[in-house]
Amino acid sequence: MKLAMVGALVGAGLVVLALGAVTSGEAQAQRFAEQRSVPQEITQSAELITLSTAAGEPGQPAQQVTIIDPKTRVMAVYHVSTATGEIELKSVRKFDWDLHMEEFNATGPLPREVRSQVAPNSRQH
């Protein structure tokens, strides 16, 4: 009885998987439209972190793929055309020194302003 139940569950799972793999182009386009506002997936392997989100211009949908190498502190951003599959490298940046900045394009209150209010007698760095 238990074996029959497990077999039925496995069979049902395979049917659902097979039906999910066979989708129409219209369904895929609708899924892409729904994905435009939500990050798709963040994965981390032993060496790389990847993030995939919807991007592109109106009429030219694309996936934006960001790859971060935490060991070398480098990130790369690609756009992949959903129509042609063409991959375009948008930018690469080593962000080591970025992480040493206290503020950049910040709005008030700035970190130094907060520090001066919290500890007015502390030294300014």
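This is a predicted model: local features need pLDDT of at least 70, side-chain atom pairs count only at pLDDT 80 or more; totals for chains, interfaces and linings use all residues.
## A tour of the chain, its hairpins and its pocket

Residues are numbered from 1 along each chain as its sequence is written, and side-chain values use heavy atoms, with hydrogens and water left out.

Now walk along from the N terminus: the order is α-α-β-β-β-β-β-α. Of the 125 residues, 11% count as buried, meaning under 20% relative accessible area with a 1.4 Å probe, protein chains only.

Select β3 (60–69) and β4 (74–81), which pair in the antiparallel sense over 8 bridges; pairing takes at least two DSSP bridges between the strands. Show Thr 66 and you'll see its bridge partner in β4, Val 77. The two strands form a hairpin with 4 residues between them, and Arg 73 in the turn has a positive phi of about 55°.

**Second stop: on to residue 94.** Ala 76 stands opposite Val 92 in β5. This is a hairpin too, with 5 residues between the strands; click on Gly 85 in the turn, where phi is positive at about 80°.

**Last stop: the largest pocket.** Which residues lie nearest its centre? Select Gln 60, Ala 62, His 79, Ser 81 and Glu 88, which belong to a lining of 13 residues. A pocket here is an open set of points on a 1 Å grid over the protein atoms alone, where a 1.4 Å probe fits, with protein on both sides within 12 Å along at least five of seven lines; lining residues have an atom within 4 Å of a point. The volume is about 240 Å³, counted as the space filled by probe spheres set on the points. Colour by element and you'll see that β2 (49–57), β3, β4 and β5 each supply at least two lining residues.

Methods: Buried means under 20% relative accessible area, exposed over 50%, partly exposed in between (1.4 Å probe, protein chains only).
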